[in-house]
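Please open the model in your viewer and keep the selection panel at hand.

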Amino acid sequence: MAYAVASHVENVRDGQGAISGNRSRGRGHEVYRSLAQVYIHSVMMVSFVLTLLLSLWRRFRKTLVRMGLVFPDEEVYLLNRSPKESARLNAQHDFLVNLIGGRPIHPAIPTEDITDVADIATGTGIWLMSLAAALNASPTNRLYLHGFDISATQYPFSKDISPSHELHLSVHDMRHRFLPEHRGRYDLIHLRLLVGALKEEDYARSMRNIYELLKPGGYLQWDDCDTTAFSTAESSPDPFIRRMQETVASAAVNLGLCPTAPLLIEKLATMVGFEDVTRQSYNTIDKPHLHDAARGWLVQVLRSLLPKSMLGTGEVTEESVAIERTERLVGELESHCQNVLPVVNLHVVVGRKPLS
Ligand SMILES: C[S@@+](CC[C@H](N)C(=O)[O-])C[C@H]1O[C@@H](n2cnc3c(N)ncnc32)[C@H](O)[C@@H]1O
């Protein structure tokens with residue numbers, strides 16, 4: 001092709017095309033046509049190479065995401081996944097379980113026949129790990145426990161096999177369907193604290209994917225809070241805490257998160273087909289034995305939430321500044337908290353997949 005174009009150009013230059021005006025114009029057109037073809041072929045070749053490179057990059061990135069080395073696109077997670085944050089998630093587990101009555105599985109869910117349980121957005125897997133004791137796992141009542149999370153960064157291991165249970169932790173983004181071997185497998189699906197992680201627009205498809213995982217008659221338990229999760233018992237809310245609440249709430253809106261997650265979860269659970277859907281709200285006001293824990297939780301959760309919230313509202317643009325400002329605010333908050341009664345709220349939505 002290049003040769004053909006070159007010889008056409010050569011011919012035109014040599015004046016051979018000047019014998020007749022028509023012939024010369026005809027050759028000129030041919031040259032342009034050939035040049036156009038060369039151009040089109042080059043563009044096609046370049047776009048083919050670019051598409052190939054892009055798909056290779058996407059595959060490579062997917063592998064990195066699966067390994068937990070990078071975060072998936074469009075992630076809006078308000079927290080981080082540092083070892084400190086993992087320790088905070090583990091430490092808050094007992095507090096959250098005590099807040100909802102002392103057992104990781106809600107009392108509305110019968111536990112006698114539960115053997116297969118999945119925890120979605122499992123974080124460090126702490127909730128699943130507490131089940132072996134809660135469900136009296138034994139070699140004759142062996143549990144299959146599976147934790148899924150969009151990132152493996154906080155996993156302490158990928159599997160833990162013992163005579164009484166097997167626990168697997170794997171990477172999966174709940175916005176996509178789960179692998180066929182997981183569909184229809186579980187007696188109970190649990191989720192907790194997605195309010196700072198899932199965009200409002202993603203709840204519906206996530207709920208459909210969760211529904212698919214359950215056996216007929218299986219249960220959903222979703223523990224979550226809204227952006228009023230922390231407040232104070234005083235009649236006029238402490239202005240300092242209110243300001244922090246507003247920062248988190250407006251970041252949630254800016255990032256497309258759902259400030260009223262429990263209500264949406266309850267509504268969607270009914271819409272996808274769960275029956276006997278209930279939403280129960282728990283708070284620390286009437287539990288004096290949890291007041292100190294609530295104080296500690298509030299300080300720690302704000303320390304984790306505020307940096308990304310400040311970035312989310314545009315209040316600051318650099319992470320280091322956000323962290324520095326957070327530390328200052330949290331220091332002040334700690335002294336404020338001594339004079340007020342912090343209140344922590346958590347809602348539990350329970351639903352059952354119909355038997356047929
Ligand atoms: C606040 S942590 C809660 C962890 C755990 N449920 C607990 O209560 O300890 C939220 C978790 O949701 C995970 N997550 C966020 N988006 C997700 C998604 N689309 N699919 C699966 N997990 C997701 C995050 O990686 C994080 O581990």
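Before the first selection, note that a residue is called buried when its relative accessible area is under 20%. The model is a predicted one, and every value below was computed from it.

Select Gly125, which sits in the loop between strand E1 (116–120) and helix H4 (126–129). Is this residue buried or exposed? Gly125 counts as buried because its relative accessibility is 0%.

Next, select helix H6, residues 203–213, and display the side chains of Tyr203, Ser206, Met207, Asn209, Ile210, Tyr211 and Leu213, which are buried. In an α-helix there are 3.6 residues a turn, so residues three or four places apart point the same way. Extending the view to the surroundings, you will find that the buried residues of H6 pack against E1, strand E5 (186–192), strand E6 (214–224) and helix H8 (261–272).

The largest cavity has a volume of about 750 Å³ and is lined by 47 residues, with Tyr77, Arg192, Leu193, Leu194 and Ala197 lying nearest its centre. To see the elements that give two or more residues to this lining, colour helix H3 (83–99), E1, H4, E5, helix H7 (239–254) and helix H9 (291–313). Colouring the lining of the largest cavity by class instead shows 25 nonpolar, 10 polar and 12 charged residues.

Technical notes
Residues are numbered from 1 along each chain as its sequence is written. This is a predicted model: local features need pLDDT of at least 70, side-chain atom pairs count only at pLDDT 80 or more; totals for chains, interfaces and linings use all residues. Side-chain values use heavy atoms; hydrogens and water are left out. Helices (H or I, at least four residues) and strands (E, at least two) are DSSP runs, numbered from the N terminus. Buried means under 20% relative accessible area, exposed over 50%, partly exposed in between (1.4 Å probe, protein chains only). Contact means heavy atoms within 4.5 Å. On a 1 Å grid over the protein atoms alone, a cavity is a set of points where a 1.4 Å probe fits but cannot get out, and a pocket is an open set with protein on both sides within 12 Å along at least five of seven lines; lining residues have an atom within 4 Å of a point. Grid points are joined across faces, edges and corners, and a volume is the space filled by probe spheres set on the points. Ala, Val, Leu, Ile, Met, Phe, Trp, Tyr, Cys and Pro count as nonpolar, Asp, Glu, Lys and Arg as charged, and the others, Gly among them, as polar.
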